[in-house]
Amino acid sequence: MSSNLTAVQVSTRTVHAVSAAAHLVVAIALGALAVAQASILLPVALSVPVGASVGNFARVDFAAAAAVVMLIGAAAHATLALSAAGGGARSRLLQLVAFAQASGITLFLVAQLNGVAEAGALILVYAFGGGAAGLLWLQARESDDRLRARWPFSFAAGLAVVPWGIIALYQVVALVAGAPPAPIVRVLTVGVLLITALAWWVERRWQLGLSSPQRVALLHSTLSVANGIALLVLAVGLARPSAIL
């Protein structure tokens, strides 16, 4: 029993260590784009209640913001690797907090790329995306009955759909108006959506007891790195299209 437990700890530690390194590599690549000023600056606009527009009062460097997403993942997995955490409550909390923050920032950036520029809408996109993922830990912590947990899980998943509905609305309106986002934005928006949906599917399987904590950690790590690679491809493709095409 002791040897099996040690093997599990080593396996879990290895998964988190490799994941931390992979996150860091992607973060460095995104940071290099930002430092080289090869990224794109996404505007944030603000309209006051009386109807007057303050205009673009801020800009977000896409590559730098995407690098932050990956650094959050790198820090979380490095902490888990050093602590040899398994499937305990603290480990789950750290993984889901990282997932929540990465989800919120990623949705913020994807929304901007699809034409959402109003500060209020962007804040709501971030809040719904990050908050929904954060509810996963709360509902799993409060309910020992995995079947009963499907109701708060479904509620959290419903909240998570809201930002994607906003993004889809902007895409459809842009298509009808004849000014759609760049093809790479449309393709990778769908890619990020699929990655997000898979992450929620992984969570539900864990709640139902169909996946071990080690397998969940591995799948979450893989999906998180895939999300970062998608953001990196977007950053390179938008800043230097010749590097992709």
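This is a predicted model. Begin by selecting F153, A156, A160, P163, W164, I167, Q171 and A174: these residues of α5 are buried. An α-helix has 3.6 residues a turn, so residues three or four places apart point the same way. Look along the helix with that rule in mind.

Next, select the whole of helix α5, residues 150-177. How far apart are its end C-alpha atoms? They are 40 Å apart, which agrees with the 40 Å that 28 residues should span at 1.5 Å a residue. Step just past α5 to G178, which takes a positive phi of about 80°.

Now turn to the empty space inside. Rolling a probe the size of a water molecule over the atoms shows where empty space is left. A search of the whole structure finds two cavities of 30 Å³ or more. The largest cavity holds about 350 Å³ of space. To find its centre, select A98, F99, A102, H220 and S224, which lie nearest to it among the 24 lining residues.

Then colour the helices around this cavity. α2 (62-83), α3 (89-113), α6 (183-207) and α7 (213-239) each supply at least two residues of the lining. Which helix gives the most? That is α3, with seven residues.

Finish on the surface. Select I28, in helix α1 (residues 2-35). Is I28 buried or exposed? I28 is exposed, because its relative accessible area is 54%, and exposed means over 50%.

Definitions and conventions: Residues are numbered from 1 along each chain as its sequence is written. This is a predicted model: local features need pLDDT of at least 70, side-chain atom pairs count only at pLDDT 80 or more; totals for chains, interfaces and linings use all residues. Side-chain values use heavy atoms; hydrogens and water are left out. Helices (H or I, at least four residues) and strands (E, at least two) are DSSP runs, numbered from the N terminus. Buried means under 20% relative accessible area, exposed over 50%, partly exposed in between (1.4 Å probe, protein chains only). The expected span of a helix is 1.5 Å times one less than its number of residues. On a 1 Å grid over the protein atoms alone, a cavity is a set of points where a 1.4 Å probe fits but cannot get out, and a pocket is an open set with protein on both sides within 12 Å along at least five of seven lines; lining residues have an atom within 4 Å of a point. Grid points are joined across faces, edges and corners, and a volume is the space filled by probe spheres set on the points.
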